[in-house]
Each structure stands twice: as structure tokens, then as C-alpha cells.
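Hi,

Here is the structure I promised to pass on. Have a look at it first, and then read on for what turned up.

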Number of protein chains: 2
Amino acid sequence: MKLKSFKGMNCSLAQTLNIVGERWSLLIIRDISFGTTHFDEIQKSLGVARNMLSTRLKQLTEAGILRKEADDAGRSQYKLTDKGWDLMPVLLSMTHWGDKHVPDEAGDRVVFVDQKTGRPIQPMGIHDADGSRINYYDIKPEFGPALRR
Amino acid sequence: MKLKSFKGMNCSLAQTLNIVGERWSLLIIRDISFGTTHFDEIQKSLGVARNMLSTRLKQLTEAGILRKEADDAGRSQYKLTDKGWDLMPVLLSMTHWGDKHVPDEAGDRVVFVDQKTGRPIQPMGIHDADGSRINYYDIKPEFGPALRR
DNA sequence: GATCTGCGTTTAATCAAGCAACTGTGGAGA
DNA sequence: TCTCCACAGTTGCTTGATTAAACGCAGATC
């Protein structure tokens with residue numbers, strides 16, 4: 001009774017979840033994006049089981065999200081590829097949702113700021129073709145070519 | 001050997017994953033956002049096991065993401081709450097990532113358009129305080145009050 | 001040469017996903 | 001009123017996934 005794969009679903013969300021939808025994947029990716037790139041560092045930071053971490057790193061590397069390389073000391077480390085960095089909107093959306101809906105009494109936990117100005121970035125939101133911010137009830141889904149058949 | 005909870009992690013991403021990070025949750029939420037609101041409809045649409053669906057719907061309702069109510073015919077249906085609709089940026093980020101990195105040869109699967117203009121919305125991206133689009137390498141994380149202690 | 005650190009793999013136990021069959025309820029039709 | 005069917009779950013079982021801890025192994029340090 002294998003875990004059901006989302007591969008056949010012909011849905012971009014399902015395809016994404018098939019690759020990064022596993023419990024630990026996004027936390028691993030976040031750690032690496034923060035500069036925690038060595039196996040033991042990630043393991044201690046997250047408290048994930050070592051074999052899980054090993055498996056996930058392998059899968060994410062095969063999926064082209066991570067790249068394994070040696071650092072100056074010859075120790076192996078993991079870095080995000082461009083494909084991996086493209087997941088930042090996903091990470092940021094989730095972080096902002098957590099900030100808003102599962103807050104800490106002491107305030108925000110991590111704030112992402114614009115490096116040039118030092119000011120916090122906007123919470124992730126929906127923008128129309130002109131770049132104006134719009135609401136979720138201002139959009140509607142339409143079937144694209146791949147679903148019209 | 002219970003599944004490790006992310007609750008104690010003091011990280012907004014982990015808090016979000018603790019609520020919607022399970023395999024089926026986001027797919028269920030997407031279906032409901034598309035108007036597939038009855039138990040059997042969702043079950044057939046996703047092919048998820050009925051007991052899984054039952055458990056997830058219960059958890060998501062308890063988490064305040066869904067609301068259970070009766071439709072005109074008295075059948076029970078599930079709707080998104082505002083808290084649930086706030087997950088749209090997460091769904092859209094993942095959908096756009098899938099469109100880009102796991103494409104279908106036939107083209108896009110679902111396109112989200114601005115209801116007023118009919119034009120597709122922008123792919124989810126990072127915006128600075130002034131609303132200008134910036135890149136992932138233009139931002140950096142800073143520890144907020146909850147982590148400075 | 002003994003111990004430590006880094007990076008995993010193996011092992012054994014337990015938890016959760018998956019499937020299918022069953023229950024319970026309400027309405028439609030005979 | 002009796003049967004049939006759709007809907008919304010629930011129950012029970014099997015198998016896969018997750019966990020923690022122990023083990024391997026190479027290179028560096030004491």
C-alpha cells in the first residue's frame with residue numbers, strides 16, 4: 001500500500017506537492033536558504049531523524065532543488081539551485097500566514113527585509129498584470145490549454 | 001514513536017506546516033476554493049481515502065480554516081473561512097512553481113485571471129514596501145522580537 | 001593509538017496512510 | 001410501508017513511512 005503519488009493529477013499544485021509536500025522538505029529548504037548547509041547542522045536545527053534527512057536531501061537533490069558540493073574544508077554541503085530559490089514565494093507565503101494566524105505573543109519571529117532599504121517586504125499577496133495588489137475574491141480560475149483537451 | 005510535532009519550533013513556517021503541511025490538506029483546500037464542497041465530490045475528485053478525508057476535514061475545521069454547514073438541500077458542505085482564504089497566496093505560489101518547473105507540454109493547466117480585466121495575474125513574487133517587485137537575493141531574514149529573547 | 005567530528009546507513013519498533021466494507025440517515029419511488 | 005439509492009461518514013485490517021538509537025567509516029585532533 002504505497003503512498004499515493006500525485007503525479008497523474010495534471011495539476012500544478014499537486015506536482016509541486018509531490019516534490020516538496022513532504023513533512024520536512026520545506027523546513028530543510030528554509031534552513032539551507034538561511035545558510036545552514038551541513039548535514040549535522042540541519043539535523044540538530046530541526047531535530048529530524050538522520051535517515052529521513054538523508055533521504056530527503058537525496059530526493060531534493062535528484063529533483064534539482066538542491067546541489068551537493070564540498071566546502072573549503074572538503075566537507076559536503078547542500079546549496080539551493082535556482083529552481084530551489086524559486087520556492088521562496090512558497091516559503092514566504094507560509095511564513096506570513098503563520099505570522100498572522102499562529103502568532104507569538106512576543107511579536108514576529110523572523111522578518112524579511114529589503115537589503116537595500118532595510119524595510120520589511122510586503123506580505124505575500126496577489127497582484128494583477130499591472131502590479132496592483134488585489135484580493136482573492138477578485139480572481140477566478142480558468143482552464144488552460146492542458147485541461148481543455 | 002509519535003510523529004514529531006512542529007509546535008515547539010517557534011517558527012512561523014513550522015506552525016503553518018503543522019496545520020496545512022499534511023499530504024492532502026492543500027489539495028482539499030484548493031478543491032473547496034474551486035467550489036467542490038461536498039464530501040463525495042472531494043473524495044472522487046482527489047481519490048483520497050474516505051477516512052483520511054474525514055479526518056482532514058475535521059482537523060481543518062477545528063483549525064478554523066473550514067466551516068461546515070448545510071446547503072439548500074440539507075446536505076453538509078464545507079466552505080473556506082477568511083483564515084482559509086488567506087492561504088490563497090500559498091496555493092498560488094505552489095501552482096506557479098509547478099507551472100514553471102513541472103510543466104505540461106500542452107501548456108498551463110489552470111490560469112488565474114483578474115475578474116475585472118480577464119487578464120492573468122502576475123506570478124507570485126516578492127515586493128518591497130513600495131510595491132516594487134524584487135528578487136530573492138534582494139532580501140535577508142532578520143530575527144524579530146520573538147527570537148531575540 | 002585513541003578519541004572526536006562529520007556524514008551518513010542499518011535496525012527494530014511504532015505510527016499513520018491506504019483500501020474496502022460497513023453503518024446510519026434521509027428522500028424517491030413502487 | 002417497503003425497498004432502493006445517494007450521501008456522509010466510521011471501522012477494521014494491512015502495509016508503508018517515520019522515529020530513535022546503534023553502527024560504520026574516514027579524516028582530523030589529542
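How much area is buried between chain A and chain B, and what share of it do carbon and sulfur atoms give? About 7700 Å², with 65% coming from carbon and sulfur; buried area here is the accessible area (1.4 Å probe) that two parts lose on being put together, summed over both.

Some housekeeping before the rest. This is a predicted model, so local features need pLDDT of at least 70 and side-chain atom pairs count only at pLDDT 80 or more, while totals for chains, interfaces and linings use all residues. Residues are numbered from 1 along each chain as its sequence is written, chains are lettered from A and ligands numbered from 1 in the order in which they are written, and side-chain values use heavy atoms, with hydrogens and water left out.

Back to the two protein chains. Arg23(A), Trp97(A) and Arg109(A) supply 10% of the area that chain A buries against chain B, more than any other three residues. Counting contacts (heavy atoms within 4.5 Å), 79 residues of chain A touch 79 residues of chain B.

There are 32 residue pairs in polar contact across this interface, both residues at pLDDT 80 or more. A polar contact is a pair of N or O atoms within 3.5 Å; within protein, one must be able to donate a hydrogen and the other to accept it, and residues adjacent in sequence count only if both atoms are side-chain atoms. On chain A's side, α6(A) gives the most, with 13 residues. (Helices are DSSP runs of H or I with at least four residues, strands are runs of E with at least two, and both are numbered from the N terminus.) That side divides into 43 nonpolar, 18 polar and 18 charged residues. For these classes, Ala, Val, Leu, Ile, Met, Phe, Trp, Tyr, Cys and Pro count as nonpolar, Asp, Glu, Lys and Arg as charged, and the others, Gly among them, as polar.

Salt bridges (a side-chain nitrogen of Lys or Arg within 4 Å of a carboxyl oxygen of Asp or Glu) number four between chain A and chain B. One of them joins Lys100(A) to Asp86(B) at 2.8 Å, N to O. The chains also share strand pairing, which takes at least two DSSP bridges: β6(A) runs antiparallel to β3 (residues 110–114) of chain B over five bridges, and Lys140(A) has Val113(B) as its bridge partner.

- Lys68(A), polar side-chain atom: 2.9 Å.
- Ser76(A), backbone N or O atom: 2.8 Å.
- Trp24(B), polar side-chain atom: 2.7 Å.

Lys68(A) also stands opposite Tyr78(A) in β2(A). β1(A) and β2(A) form a hairpin with five residues between them, and Gly74(A) in the turn has a positive phi of about 85°.

Finally, Arg50(A) makes a salt bridge with Asp40(A) at 3.1 Å, N to O. That pair links helix α3 of chain A, which holds Asp40(A), to helix α4, which holds Arg50(A), ten residues apart.

Cheers
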